[in-house]
Amino acid sequence: MLELTWLIPALPLAGFVVLMVLGRRLGEPLAGWLATAAVGGSFVASAVVFVGMLGRHGEERAFSQVLFEWVPAGGFSVDVGFLADPLSVTMCLFITGIATLIHLYAIGYMHGDRDFSKFFVYLNLFVFSMLMLVLGDNLLVTFLGWEGVGACSYFLISFWHTSDANASAGKKAFVTNRVGDWGYMVAMFLTFTALGSIRYVDIQAGAGGLATTTATAITLLLLVGAAGKSAQLPLFVWLPDAMAGPTPVSALIHAATMVTSGVYLLTRMNPVIAVGSDWVPTVIAVVGAATALFAATVAVAQTDIKKVLAYSTISQLGYMFLAVGSGAYVAAIFHMVTHAFFKALLFLGSGSVIHGLGDEQDMRRMGALRKLLPVTSATFIVGWLAIAGVPPFSGFWSKDEILLYAWDLSPALWAVGFVTAILTAFYMSRQVFLTFFGEARWDRPLAEAAPDLARERGVPAGSADGEAEGRPDGDEAASPTVVNVYESGHLPHGVGPLGPIQPHESSWTMTLPLVVLAVLAVAGGALQLPFTSGTKRLEHWLEPVVAPGEHHLAVATGTKWALAAVAVVGGLVGIAAAVALYLRRRRAEQPAEPALLARGWYYDSGLAAFAGGPGRIAFDTLAWFDRTVVDGAVNGVAWLVRGTGGGLRRTQSGFVRAYAGFVAFGAVVVVAVMVFRGVVL
């Protein structure tokens, strides 16, 4: 059954090719069903390979399959080959499983879009690229998928490219990821130089012979690449803007593809990390903890329902990096899987809310939706409890395990993770209360129901009848740059109607994936329960891959129980704080979030200001230096050589009398010198 490994990426690739050729002819909804079937078939193939692997002993659960020789160049040879082992099969199962549900959901969500078939072309290509990334048996094939998901994210984030904001978001994701790609490529070159191979089986076998300095350099370079793909400090800026794409894309990027790449790469390369300097894992853990806390503080002040989830993803990825830095690779993959369940659920749930509210995605325009959107609200609440760390939902088990390892590494890192957990419970509770509970803010015109939001969109305060009356002026305008988005008559995506809204529940193609994901968000913790060795199924499954770098806990049982209890209390404190602020005072004016947090600590705008100010000056200065000094020196030497050569060329005229003249002149000079120096022959 392991011989079917090639079929896992082949099916989405076949779906991509067929849709490229026949997509428009198939149209809606056939193109969507074909794409869904292709990814669903890939999930079945992954399950078959998984079952085939279960019948083998742990040390035999690695199957290599070479399709063809790709790059033969002297001593450097790379095959297009796949490596099916517990880590890659785990990734394949949840990538294809979640992606199938997202494809099914997208059939309903993208209904009526003029580029319906093109959307599924990109989705199939995205899944294929991610599968190449996790199945590749060497760093170069992984890099092929690495770049593939980057390109697909550009296509899909800017899918509605007629909007400047969407197009810019796609370009921002593409350019930011190139910074991380530099680290990946240099790490790959250095690995080949040190080991003579970039195949993972060779890296795992030869990592023990690496010099500490070399292993440290490779790890730090891989960390740069992972930070770009998995949106960690300082390269996270592209992910919040990626919300410009259709919601199924957001779910696919955040839950099943792309952002998990960095965590996968570091886990795959754990034998190299284990050989590096002792401080390197701590650096990874600090980056993760800092990112988790930073993103959580920003999430508490966002009003866009998808941006709350975007910053939440950055924060949860920080937890995974914290786990990797703590040597808890099983916990990192465990949280990656459970996060895929509940984050896909939350994103698709937010998409269902947006769909039901006529494209409105600002929570200041929502409220009291739980009865009108019963399936969406019930499943969203399940996702909320899972990510908030409420037992026995899956997020509690995976997050608690990470915090336990963090405690063993450093109580300070545990404290950062604990505060982040409280903030997570708070901002997710705030999101649920503002969306599904409290006062309805969609049943009246925008200017009356949500004055702040109306001002931001440039709607005059007096437009209570739902008709825009021109641009605001004076104090009514939030800023001089505010433009009435309703003037054009064609609303940007994510901007709801000006008048009252009639919410409605989504179709079955959208609600069925929510129900399945809700079940997984509840039961996913069963993969790795901490009670006995027998309940740690994921740990035993991944042991052949992560054993070289896995840290062994030295925490007493009593301490474990105490930390778990503290984590539960922390989550409840976060929920209670949100209840006090946003639920009990539901009829009063909502509390104002600090502008510092709402604008992400001004990090993104600060980068933009730096790039447009000192950065631009520095760039212009360097360009002038390169053009004037470097190019000037090179051009000056060329001018001197050309001039000298031109002068000498004139002496080679081909006339014998000229050469005789030169000889005679030379003889006279020689005789003169000899006479002058008194030489006697």
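**Aromatic pairs and their setting**

A: Of the 681 residues in the protein chain, 53% count as buried, where buried means under 20% relative accessible area, exposed means over 50% and partly exposed lies in between, with a 1.4 Å probe and protein chains only. This is a predicted model, in which local features need pLDDT of at least 70 and side-chain atom pairs count only at pLDDT 80 or more, while totals for chains, interfaces and linings use all residues. Residues are numbered from 1 along each chain as its sequence is written, and side-chain values use heavy atoms, with hydrogens and water left out.

The protein chain has 27 helices and 2 strands, these being DSSP runs numbered from the N terminus, with helices (H or I) of at least four residues and strands (E) of at least two. Its C-alpha trace spans about 120 × 70 × 55 Å along the principal axes. Of the contacts in the protein chain between residues at least 6 apart in sequence, 79% join residues at least 24 apart, a contact being heavy atoms within 4.5 Å.

Turning to the rings, the count comes to 25 aromatic pairs, under a rule by which rings of Phe, Tyr and Trp (its six-membered ring) pair if their centres lie within 6.5 Å, with planes under 30 degrees apart counted as stacked, over 60 as edge-to-face and the rest as tilted. Trp146 and Tyr184 form a tilted pair, with 4.9 Å from centre to centre and 40° between the planes. This pair links distant parts of the chain, since Trp146 belongs to helix H5 (residues 139-157) and Tyr184 to helix H6 (residues 164-195), 38 residues apart. Trp146 is buried at 0% relative accessibility, and Tyr184 is buried at 1%.

The rings of Phe380 and Phe436 have centres 5.3 Å apart and planes at 55°, so this pair is tilted. It too links distant parts of the chain, with Phe380 in helix H16 (residues 374-387) and Phe436 in helix H18 (residues 411-436), 56 residues apart. Phe380 is buried, with a relative accessible area of 1%, and Phe436 is buried, with a relative accessible area of 0%. Ring pairs also link Phe116, Phe119, Phe120, Tyr122, Tyr154, Phe155, Phe159, Trp160 and Phe174 into a cluster.

As for the cysteines, a search of the whole structure finds 0 disulfides, a disulfide being a pair of cysteine sulfur atoms within 2.5 Å. The sulfur of Cys92 has its closest cysteine sulfur in Cys152, 16 Å away, which is too far for a bond. Cys92 is buried, with a relative accessible area of 1%, and Cys152 counts as buried at 1% relative accessibility.

The glycine is Gly494, found in the loop between helix H20 (451-456) and helix H21 (508-523). Although it sits in a loop, Gly494 counts as buried at 10% relative accessibility. Leaving aside neighbours within four places in sequence, Gly494 is in contact with Asp359, Glu360, Gln361 and Arg457.
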